[in-house]
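Thanks for coming, everyone. I would like to walk through one model today, beginning with a sheet and the helices around it and ending with a helix pair.

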Amino acid sequence: MIRWGSYFDDYWYSLKSNLVEFPLHIILVYANVYFFIPRFLVPKKYKRYVFFLFLSLCIQYVIRTGLNYFLVTENIWPEAEGTQEAFTFNHIVAVTLGELYVLALATAIKLTIDWVNQKTRIEKLKKEHLKSELNFLKTQIQPHFFFNTLNNLYSLTLEKSNQASEVVLKLSDIMQYVIYDVKDPKVPLLKEIDYIQNYIDLELLRCHKNATINVDIKGNINNIKVPPLIFLSYIENSFKHGNKNNNDFYIYISFEKTARNSLIFILKNSYDPTKTEEKSKRLKKGVGNFNSKRRLDLIYRKNYELNISGQDNTHTVYLEIPLTKK
């Protein structure tokens, strides 16, 4: 109104013409955004979209021209020099192009807003799916460990062993950690190591008395946080597939913070070379290793290194993960 009112020095004309034209703009824009595009701007129907849009522009031109002539001014095209008649080629093109400008601008704004909202919704769904999958994978702790520990506890109580109370405390700590602490996306590495140590102490009840297990920590790990239970399946497998009933059974576990701000986890354990091929197949198909690998992929994508190998009666796991501030 201000633009054309200033141009013609006739604000009353500008106000009346806009009161006529804007409702028509609104109707066409909403019809295009909420009816034509959803229904016809799809594969195999785009010709219908072009037809209905063309038909709408024709109807809109006739209605707009008629309302302007009867309600505003008989000079239906004052923007042109001199008096111009309606339904001429130049007038139809000028009105149609003006309408397309309005239509394109409003549709672009609407589609941009929808795209941003859709992208935000998809990202939110991805995060929720990722969180759900991670929570599911975290709960996949092998239940046989708890059953075996309860069996060992039952045997110790029958023998009235002093170890029974210690086993109950360690099992209680493990269950508290698994039930409550692993809900967080990351936990202090020191707490994870405490959990691993409790797990090892309980597994030692079923190992040969001469079994050797060492946990080595290199560097300052006080402020390091890691995904909970990320190392557990590899330690479980070292007990499950290692020759734990032999007197030369050993496990070596190392945690090292590097200068490149990463954490290196190394696990070595002895195994029976006569069953190497059989155990290798079982390890590759194991649910625990698959879950751990899947969690690593979800959390770190390809920004980690994992190598599992067996040589000279020793099974080795090498895992390096980046450390972040979060």
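Before the packing, a definition: contact here means heavy atoms within 4.5 Å. Axes are lines fitted to C-alpha atoms, for helices over the stretch in contact, and angles run from 0 to 180 degrees between N-to-C directions. Helices (H or I, at least four residues) and strands (E, at least two) are DSSP runs numbered from the N terminus.

Please keep in mind that this is a predicted model, in which local features need pLDDT of at least 70 and side-chain atom pairs count only at pLDDT 80 or more, while totals for chains, interfaces and linings use all residues. Residues are numbered from 1 along each chain as its sequence is written, and side-chain values use heavy atoms, with hydrogens and water left out.

With that in place, α7 lies across β2, β4 and β5 (262-270), and its direction runs at about 175 degrees to β4. Helix α8 also packs on the sheet, where it touches β2, β4, β5, β6 and β7 (314-322), and its direction makes about 10 degrees with that of β5.

The sheet itself is open, with 5 strands in the order β2-β4-β5-β7-β6 and mixed pairing; two strands pair if DSSP finds at least two bridges between them. Because β2 (212-218) and β6 (305-311) stand at the edges with a single partner strand each, one side of each is left without a neighbour in the sheet.

Now, how do the two helices meet each other? The axes of α7 (residues 189-203) and α8 (residues 232-241) come within 11 Å and cross at roughly 15 degrees. The two helices, α7 and α8, are therefore roughly parallel, a term that covers angles under 35 degrees. In their contact, Y195, I196, Y199, I200 and E203 of α7 meet L232, I235, E236 and F239 of α8.

Finally, the axes of α2 (residues 11-40) and α3 (residues 46-72) come within 10 Å and cross at roughly 165 degrees. That makes α2 roughly antiparallel to α3, the word for angles over 145 degrees.

How values were computed
Parallel < 35°, antiparallel > 145°, perpendicular 65-115°, else oblique.
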